[in-house]
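Hi everyone, thanks for making time for this. I'd like to walk you through one structure, so please have the viewer open and follow along.

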Amino acid sequence: MSRPYAEVIGDPIAQSKSPAIHGFWIDRLGLDADYRAERVTQDGLADYLESRRADPDWRGCNVTMPLKQAILPLLDRVEPQALAIGAVNTVFRGEDGELAGTNTDAPGFVEPIAPVLRTPHLFRMARVIGTGGAARAIVAALAVNGFTLVLAGREEDKARRMLEDLAGTGEHYTAPLAHFAQATDFAFDDREGCLDLVVNASPLGMRGQPPLAFDWSHAPPRSIAYDIVTDPVDTPFLESARERGHATISGLSMLVGQAAAAFEIFFGQSPPRDADGELMDLLRQ
């Protein structure tokens, strides 16, 4: 007997924790539903969407690397926030049968730092590594929250275009990826009343990928290190940040936050967030 289902697509996909998250919530709520993982390449993306369009049990999919931008022209409709970001991480079927795309990465990223953002600051700066689909959502979210940005990537021109597209007219900067790998003797002030983030929004440090080369002399005192990588949960980037005395946020926080918004779209119910502690323990295993 068939039942409603959603899934996560990407390439690779075996490492995804999304099935564990959505499966946990489905079990808690006692839903007659399923959540799966499906490896989909860029070449196979159009065929995948056509096959799911014809499946009445399919409720939608989360989209991960490297498909968040490639999927845009294949959808019938893209919601304004996702269109502005230029990346889709959630696809669902609208009431009219159209395949629509949205982006829950931006609110998912902000969720764990929301308490800090409620405090006024004299100055907010974020050093962001990465120029992919997730990085686009993060840059947009940080710009809206008043951060001055330094965006680093392998292609500095791409980083510059991202800032022009997403960060408005503020005073923002780009840097080559290698810039943060080299030590600096810059003398930071005491940063009282300031908020500094260092965000790894790239796949560097993910299992099977080279580590992110970041020298912590680039981070002011009391910076917060935020890594969106989820496999492993505790990356070398976060370990080295703690050794330097910085607070850290793992990628699980963003992953669960963006998944919660997607879950409601797919299944029409809010996930049981009162069980977040148990869910986080499960995901760290």
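Let's start at L29, which lies in helix α1. Keep in mind as we go that this is a predicted model. L29 counts as partly exposed, because its relative accessibility is 30%. Which residues does L29 touch, if we skip those up to four places away in sequence? They are F263, Q269, S270, P271 and P272. If you want a sense of scale, pick H246 as well: L29 and H246 are separated by 217 residues in sequence and by 37 Å in space, going C-alpha to C-alpha.

As background, nonpolar side chains in soluble globular proteins tend to be buried together. Here the largest nonpolar core has 34 residues, and F109, L142 and L149 are the ones with the most contacts inside it. Several elements supply at least two residues each: α4 (105–110), β7 (123–129), α6 (133–144), β8 (148–153), α7 (156–166), β10 and β11. Which of them gives the most to this core? That would be α6, with 8 residues. Setting aside neighbours within four places in sequence, L142 is in contact with F109, A126, V128, F147, L149 and L197. There is also a second, separate core, with 24 residues, including I13, F24, F266 and F267.

How many aromatic pairs does the structure hold in total? The count is 9. One of them is F214 with W216, an edge-to-face pair with 4.7 Å from centre to centre and 65 degrees between the planes. F214 is buried, since its relative accessibility is 10%, and W216 is buried too, at 5%. W216 also pairs with F237: the centres of these rings are 5.1 Å apart and the planes meet at 35 degrees, so this pair is tilted. W216 sits in the loop between β10 (194–200) and β11 (224–227), while F237 belongs to helix α8 (residues 236–243), so the pair ties together parts that are 21 residues apart in sequence. F237 counts as buried as well, because its relative accessibility is 4%.

One more ring before we move on. The charged end of R36 sits over the ring of Y5, at 3.8 Å from the ring's centre.

D276 is found in helix α10 (residues 276–284). Is D276 buried or exposed? It is buried, because its relative accessible area is 18% and the cut-off for buried is under 20%. The D276 side chain makes a polar contact with the side chain of R273, at 2.9 Å.

The peptide bond from D11 to P12 is cis, with omega near 10 degrees, and P12 is in the loop between β1 (5–10) and α1 (18–29). Another cis peptide bond joins D231 and P232, where omega is about 5 degrees. P232 lies in the loop between β11 and α8. Then there is R222, which has a positive phi of about 65 degrees although it is not a glycine. R222 lies in the loop between β10 and β11, the loop that also holds W216. R222 is exposed, because its relative accessible area is 54%.

Last topic: cysteines. How many disulfides are there, taking sulfur atoms within 2.5 Å as the rule? The count comes to 0. As for individual cysteines, C61 is buried, because its relative accessibility is 0%. C194 is partly exposed, because its relative accessible area is 24%.

That's my tour. Happy to go back to any of these places on the screen.

How values were computed: Residues numbered from 1 in each chain as written. Predicted model: local features only at pLDDT ≥ 70, side-chain atom pairs only at ≥ 80, totals over all residues. Heavy atoms only, no water. Disulfide = S-S within 2.5 Å. Buried < 20%, exposed > 50% of the residue type's maximum accessible area, 1.4 Å probe, protein only. Phe/Tyr/Trp six-rings, centres within 6.5 Å; stacked < 30°, edge-to-face > 60°. Helix = DSSP H or I, 4+ residues; strand = E, 2+ residues; numbered from the N terminus. Lys NZ or Arg CZ within 6 Å of the ring centre and 35° of its normal. Polar contact = N/O pair within 3.5 Å; in protein donor to acceptor, adjacent residues only side chain to side chain. Core = buried A, V, L, I, M, F, W, Y, C linked by side-chain atoms within 4.5 Å. Contact = heavy atoms within 4.5 Å.
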